[in-house]
Amino acid sequence: MSKLVSFIVLCTALNSVTAKDSYCYGNITFGNIPFTIQELIADVLLKSIPATFFTDCSNVNIPIANDSIKFYFFNSTSSYVRIDSDNPPQLDPSKRLIILAHGWLCSMNDSYFPDLRQAYFKRYGDCNIIGVDWSDLSVNVWSIAYCSVPIVGAKLGDLLCKIASTSGIPVESMHMVGHSMGGQMAGFTGQRVQTQCGSKIGNITALDPGGISYQVQLDESKRLDKGDGIAVQVIHTNAGILGYEGNCGTTDFYPNCGTIQPGCLDVIQALKNAALLWPNNPQAILNNSLVNLPLTEVLCDHFRSIVYFIESVNSKQFKAIDCKKCTSTILDSLCLLAQALNLADYTIMGEDCPPVNEEDAYFLTTNSKSPFAKGDAGA
Ligand SMILES: [Ca+2]
């Protein structure tokens with residue numbers, strides 16, 4: 001076999017074995033997903049799950065095997081290698097280290113994560129990217145995925161501490177980016193790094209971190225919070241539905257008020273319309289509303305956090321202001337007056353979000369399609 005052919009075979013094999021088949025590809029429709037998961041998502045969209053939704057992992061049998069949690073090292077040559085977490089490779093400490101974690105039902109091979117990696121390579125050239133593939137556990141019912149997150153997060157924390165000591169890369173210089181449950185995972189990884197290495201991860205970006213079970217966790221050690229990294233940026237795009245509702249970082253961004261995003265289908269209305277025609281018949285409701293849509297469209301608002309972040313890696317145009325434009329209190333009116341007088345506090349959402357000076361929440365509007373950032377007009 002020629003070198004080129006064996007290289008192609010190697011890449012193909014890696015592509016096919018790295019991840020369990022995810023539900024987050026555009027060609028997989030909502031109807032392809034197990035019905036119990038479809039029902040749960042519909043209940044979440046309609047906000048018809050109890051506030052005490054599943055949080056107790058003590059009786060959950062997690063199907064974890066030696067190979068369930070995989071770490072990959074990516075570089076700009078578009079190849080990637082599996083990392084032996086007991087014996088990680090020597091990384092170049094002069095290059096930026098970015099760690100990426102996907103969420104429930106997804107994998108690191110979905111369209112968004114390759115796009116995010118490419119955005120980083122375009123911005124920084126040959127940076128070091130570590131991808132966490134926990135699809136063996138994430139492409140599963142909620143309880144198994146949810147209960148796996150602290151385990152995967154801790155294992156990743158151990159790996160980062162090992163890399164810090166063997167490659168001389170301080171954890172304070174690392175940046176972890178996670179979406180949905182991957183955003184919550186960043187909290188667990190941050191906590192583990194603090195206990196194992198005695199210092200905090202420098203930068204966490206949580207992209208619409210998971211809500212539901214996390215929402216009721218008053219114990220901050222069981223979810224992402226502002227203490228899990230030195231800077232914890234949170235981008236809320238589906239807050240109160242799939243995403244966590246409320247500030248949980250050092251800087252919280254609320255594009256378009258943080259819950260419903262322009263350009264996304266109104267799947268909640270579609271579900272409500274079908275429920276009027278087929279009351280008490282979940283199968284018919286789903287068959288007549290969401291079944292032919294890709295999951296990424298059904299959860300478009302939730303995934304927009306990644307889409308905005310990918311754009312932000314090569315754009316500094318997501319300008320945001322700390323006026324809470326989504327309510328109308330006297331304070332908001334005063335803030336808008338300050339904005340008119342050029343006295344309001346501005347910042348940039350995304351990769352160029354500056355280090356924290358003061359914990360705050362920021363607001364902005366976006367376009368309904370790419371390019372999403374509106375520059376000054378969005379703040
Ligand atoms: Ca925490």
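Where is I212 found? I212 sits in the loop between strand 6 and strand 7, where strands are DSSP runs of E with at least two residues, helices are DSSP runs of H or I with at least four, and both are numbered from the N terminus. The model is a predicted one, in which local features need pLDDT of at least 70, side-chain atom pairs count only at pLDDT 80 or more, and totals for chains, interfaces and linings use all residues. Residues are numbered from 1 along each chain as its sequence is written.

On confidence, pLDDT is the predictor's own score for each residue, from 0 to 100. The protein chain averages 91, and 95% of the residues score at least 70. Residues 1-17 are another matter: pLDDT stays under 50 there, and the model has 4 contacts beyond four places in sequence for them. A contact here is a pair of residues whose C-beta atoms, placed from the backbone, lie within 7 Å. Where pLDDT is low, the predicted coordinates should not be read in detail.

Back to the loop. I212 has a positive phi of about 40° although it is not a glycine. D208 lies in the loop between strand 6 (201-207) and strand 7 (229-235), and D208 also takes a positive phi of about 40° without being a glycine. Most residues other than glycine have a negative phi, and most peptide bonds are trans. D208 is buried, with 31 other C-beta atoms within 10 Å, and I212 counts as buried with 22 C-beta neighbours inside 10 Å. The cut-offs are 20 or more other C-beta atoms within 10 Å for buried, 12 or fewer for exposed, and anything in between for partly exposed, with C-beta atoms placed from the backbone.

Strand 7 leads on to a run of parallel pairings. Strand 7 and strand 8 (residues 251-255) pair in the parallel sense over 3 bridges, pairing being called when DSSP finds at least two bridges between two strands. V234 stands opposite D252 in strand 8. Strand 8 also runs parallel to strand 11, with 5 bridges joining them, and here D252 faces A361. Strand 8 is mostly covered, 5 of its 5 residues being buried. Both of its faces are covered, with T251, F253 and P255 on one side and D252 and Y254 on the other. In the segment after strand 11 (360-364) comes P371, and the peptide bond from S370 to P371 is cis, with omega near -5°.

Strand 1 (residues 70-74) has antiparallel partners instead. It is joined to strand 4 (residues 128-133) by 5 bridges, the two running antiparallel, and F73 stands opposite I130. A further 3 bridges join strand 1 to strand 2 (residues 80-82), again antiparallel, with F74 opposite Y80.

What about the nonpolar interior? The largest nonpolar core has 99 residues, and L100, A320 and M349 have the most contacts inside it. The largest share of this core, 11 residues, comes from helix 5 (residues 142-167). Such a core is a set of buried Ala, Val, Leu, Ile, Met, Phe, Trp, Tyr and Cys residues joined through C-beta atoms within 7 Å. Leaving out residues up to four places away in sequence, L100 touches M108, F113, L116, I129, G131, V132 and V177. In soluble globular proteins, nonpolar side chains tend to be buried together.

In helix 6 (residues 181-197), 13 of the 17 residues are buried, so the helix is largely enclosed by the rest of the structure. G198 follows helix 6 and has a positive phi, near 75°. Helix 11 (residues 330-340) lies largely in the open, because 1 of its 11 residues is buried. Just after helix 11, N342 takes a positive phi of about 65°. Q283 belongs to helix 8 (residues 282-287) and is exposed, with 12 other C-beta atoms within 10 Å. The C-alpha atoms of Q283 and Q38 are 9.4 Å apart, although 245 residues separate them along the chain.

As for annotation, an unreviewed UniProt entry places the feature "domain: Lipase" at residues 93-372. UniProt positions are given in the numbering used here, feature names are shortened, and annotations may be inferred rather than shown by experiment. In the model, the end C-alpha atoms of residues 93-372 lie 34 Å apart, and the span is 38% helix and 16% strand.

Methods:
Two residues are in contact if their C-beta atoms, placed from the backbone, lie within 7 Å.
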